[in-house]
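Subject: Handover of a structure and notes on its contents

Dear colleague,

I am passing the structure below to you for your studies. Please open it beside this message, so that each residue can be found as it is named.

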Amino acid sequence: MCTSLTRRAVVTGLSGTALLASLQPSPAQPLTRIVVHRDPGCGCCGAWIEHLRNAGFTAEVVESSEMQRVKKRLGVPQALEACHTAEVEGYVIEGHVPAAAIRRLIAEKPQAKGLAVPGMPAGSPGMEVAGAAPETYSVILFGPSGQRSFARYRGAQEL
């Protein structure tokens, strides 16, 4: 039996292909790239980087034994310093800032230098300790016009 392609068969085939294509999931939005500067000997930095990656960031890690120089170059106030420093979309991220706060910063685009979580609060992303209660801490927005609270968290949960 011989079959030949008819115009109707071609149109039907193309329609079916278009329908199947529309049912496929759309490609994911590109991941936000963040550059993390960290001391090679720091263990909590790796856990924070994993937190970022799990939240959809693409983290590029730059190891440096000169972290004070990195912080100074990027304009991190001494009172807000923590262990690692990151750069994302023109902002500086200092310390264990939750990914959700970084996403909010990027979405709102305030006139600021960046965000910081001074020190290393227990329970903050990268500082989770099994059996230890997470601390409440502030995420500080800093820049030329000063510093103010941007968000409050207990562990990785915004209050």
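This is a predicted model: local features need pLDDT of at least 70, side-chain atom pairs count only at pLDDT 80 or more; totals for chains, interfaces and linings use all residues.

Cysteines

A disulfide is a covalent bond between the sulfur atoms of two cysteines. How many disulfides does a search of the whole structure find? The search finds 0. The case of C44 shows why: the closest cysteine sulfur, that of C42, is 3.4 Å away from the sulfur of C44, which is too far for a bond, since a disulfide requires the two sulfur atoms to be within 2.5 Å. The sulfur of C83 has its closest cysteine sulfur in C44, at 3.5 Å, and this is again too far for a bond. Both residues are buried: C44 has a relative accessible area of 12%, and C83 has a relative accessibility of 17%.

Aromatic rings

A pair of aromatic rings is described by the distance of the centres and the angle of the planes. Across the whole structure, the search gives 1 aromatic pair. It is formed by Y137 and Y153, whose ring centres are 6.0 Å apart and whose planes meet at 15°, so the pair counts as stacked. The pair joins distant parts of the chain, since Y137 belongs to strand β6 (residues 136-143) and Y153 to strand β7 (residues 146-154), 16 residues apart. Y137 is buried, at a relative accessible area of 5%, and Y153 is buried too, at 2%.

The charged end of R103 is placed over the ring of F57, at 4.0 Å from the ring centre.

Nonpolar cores

Which residues touch the most other members of the largest nonpolar core? They are I34, W48, I93, I102, L115 and V139, in a core of 26 residues. Helix α4 (residues 99-108) supplies the largest share of this core, with 5 residues. There is also a second, separate core of 9 residues, and V76, V92, A116 and F142 are among them.

Histidine 96

H96 is located in the loop between β4 (91-95) and α4. Is this residue buried or exposed? H96 is buried, with a relative accessible area of 0%. Its side chain reaches the backbone oxygen of P125 at 2.7 Å. Among the residues that H96 touches, not counting those up to four places away in sequence, are C44, C83, W48, P125 and Y137.

Backbone angles

Most residues other than glycine have a negative phi. E89, which is not a glycine, has a positive phi near 45°. This residue lies in the loop between β3 (85-88) and β4, and at 48% relative accessibility E89 counts as partly exposed. K109 is also not a glycine, yet its phi is positive, at about 50°. K109 is found in the loop between α4 and β5 (114-117), and it counts as exposed, at 53% relative accessibility.

With kind regards

Definitions and conventions. Residues are numbered from 1 along each chain as its sequence is written. Side-chain values use heavy atoms; hydrogens and water are left out. Buried means under 20% relative accessible area, exposed over 50%, partly exposed in between (1.4 Å probe, protein chains only). Rings of Phe, Tyr and Trp (its six-membered ring) pair if their centres lie within 6.5 Å; planes under 30 degrees apart count as stacked, over 60 as edge-to-face and the rest as tilted. Helices (H or I, at least four residues) and strands (E, at least two) are DSSP runs, numbered from the N terminus. A charge sits over a ring if NZ of Lys or CZ of Arg is within 6 Å of the ring centre and within 35 degrees of the ring normal. A nonpolar core is a set of buried Ala, Val, Leu, Ile, Met, Phe, Trp, Tyr and Cys residues joined through side-chain atoms within 4.5 Å. A polar contact is a pair of N or O atoms within 3.5 Å; within protein, one must be able to donate a hydrogen and the other to accept it, and residues adjacent in sequence count only if both atoms are side-chain atoms. Contact means heavy atoms within 4.5 Å.
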